[in-house]
Amino acid sequence: MHRRTLLTGAASLAVAAPALGQTQPIEIQFWHGLAQPLGGMLEQRATDFNATQTKYRVVPTFRGSYPETMVAAIAAFRASNAPHVVQMFEVGTGTMMGAGRAVKPVHELLAETGVQIDFDDYLPGVRGYYSLSDGRMMSMPFNSSTTVVWYNKDAMRRAGADPEKFPETWQGVAELLPRLKANGGTAVPMSTAWLTWGQIENFSAIHDIPLATLANGFGGLGTELRIANPLVQRHMEALAQWQKDGLYRYGGRNNAGEPAFPNGEAAIMFTSSGFRARVQREARFGWGVAMLPYYEGTPRAPINSIIGGASLWVMNKGPAAGGGRSRGEFEGVAEFFKYLSNPEVDAQWHMDTGYVPVRRASYAIAKDRGFYRENAGADVPIEQLLRGGGTLTDNSRGIRLGGFVEIRTIMEEELERAFQGQQTAAQALANATTRGNVVLRNFERANRG
């Protein structure tokens with residue numbers, strides 16, 4: 001594993017020295033939602049930036065989970081005490097884009113401060129997720145990931161399966177699970193974290209079917225959910241049956257189920273590529289990474305998955321402050337973003353954490369250093385994001401639905417009832433669609449005009 005080292009050439013990233021008479025650096029408050037060990041790695045980036053210059057000091061603060069961080073940031077803005085920068089998970093993008101004066105778009109920040117960042121070098125799926133239809137960036141891409149398969153090679157071997165070849169199709173997974181239950185030696189063959197992200201959102205993307213109308217919301221506010229379709233229903237029915245048969249265990253909401261993989265309880269875990277740091281630290285068995293399986297016979301499948309993770313949003317201080325930011329504060333934010341965009345910094349972040357490199361130049365650096373030769377599977381998330389030739393479709397560009405955090409919770413609530421045998425998968429998807437569309441209409445009414 002490549003350990004983080006002091007970046008060579010870091011001094012070249014330094015900005016101007018403090019103005020004459022300035023004794024204290026300008027503080028930039030940065031709220032984030034990454035727990036350890038990733039949170040410590042993120043905060044180290046702020047420390048590294050602070051060491052390159054003396055004019056600004058970024059102060060990172062862990063504010064809880066992504067949803068908790070979002071709620072805290074909104075409350076702070078209303079109290080006119082918002083942080084300069086908040087890390088917002090990807091499902092909050094539509095909501096943040098409709099937040100009006102609470103946010104300062106990155107394209108405005110860079111234009112006003114004169115700081116330049118080469119977004120043309122960013123991976124299309126990353127850049128497109130956080131930009132307007134004309135390409136102008138609304139937020140700063142940072143810790144990008146995608147859902148992948150983590151699997152226990154030792155359990156595969158005990159089950160008589162090839163530990164180097166995880167099944168490419170769901171049909172193959174269905175054949176593997178009983179063998180893992182019988183001889184894999186783990187408490188449960190398969191589990192999931194971030195259920196809707198992996199098993200509905202990314203599932204829909206790689207099968208090139210719509211999650212919602214109007215290009216998953218990129219085409220406007222009048223979008224409606226389309227999750228109650230035959231393929232998603234087939235998949236949810238399979239998960240519910242596997243749960244009943246002891247072949248699958250629902251891991252709970254968000255990333256609550258993740259510990260079951262490194263502690264050896266689950267032989268297969270579907271979760272973020274950003275899980276790598278924890279697996280490397282905690283797993284005491286041979287493990288592998290594979291691309292998401294697909295249903296054989298589905299037209300156009302598989303194509304690219306979509307990103308998760310988060311981006312960095314610039315916030316105005318709040319209504320009572322009239323904005324409340326000095327030019328110096330915004331310049332500090334812009335310089336911090338420029339530092340994070342440096343290919344050396346991004347490549348090291350990728351190699352340390354398992355998040356994907358957001359720039360092509362960063363990917364090239366990691367490849368040139370032999371990282372993928374020494375860390376098998378570390379390039380799987382990148383290859384999966386480029387699967388199908390890397391050309392994005394309306395179904396695989398991403399998701400831009402207002403109130404999507406609430407919609408995710410609705411989907412989880414309905415699917416949990418299906419997993420508990422209280423309703424069918426078809427009923428769960430129909431109910432989630434009806435309830436989710438109410439959220440979309442409420443968001444549309446609040447943001448029209």
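**Pocket and helix packing**

Tutor: The largest pocket holds about 510 Å³ of space (an open set of points on a 1 Å grid over the protein atoms alone, where a 1.4 Å probe fits and protein lies on both sides within 12 Å along at least five of seven lines; the volume is that filled by probe spheres set on the points, which are joined across faces, edges and corners). The model is predicted, so local features need pLDDT of at least 70 and side-chain atom pairs pLDDT 80 or more, while totals for chains, interfaces and linings use all residues. Numbering runs from 1 along each chain as its sequence is written, and side-chain values use heavy atoms, without hydrogens or water.

The lining of this pocket (residues with an atom within 4 Å of a point) comprises 28 residues, with Leu 34, Leu 38, Trp 194, Asn 255 and Glu 258 nearest the centre. At least two lining residues come from each of helix H2 (66–78), helix H11 (276–282) and strand S11 (308–315) (DSSP runs numbered from the N terminus: helices H or I, at least four residues; strands E, at least two). By class, 13 lining residues are nonpolar, eleven polar and four charged (nonpolar: Ala, Val, Leu, Ile, Met, Phe, Trp, Tyr, Cys, Pro; charged: Asp, Glu, Lys, Arg; polar: the others, Gly among them).

Turning to the helices, H17 (residues 404–419) packs on H18 (residues 425–447) at about 160°, with axes 9 Å apart (lines fitted to C-alpha atoms over the stretch in contact, with angles of 0 to 180 degrees between N-to-C directions). H17 is therefore roughly antiparallel to H18 (over 145 degrees; 65 to 115 is roughly perpendicular). Their crossing is right-handed (the near helix is turned clockwise from the far one by less than a right angle).

Leu 195, Thr 196, Trp 197, Ile 200 and Glu 201 of H8 face Phe 404, Arg 408, Met 411, Glu 412, Leu 415 and Phe 419 of H17. Seven of these contact residues are nonpolar, one is polar and three are charged.

Note on methods. Parallel < 35°, antiparallel > 145°, perpendicular 65-115°, else oblique. Contact = heavy atoms within 4.5 Å.
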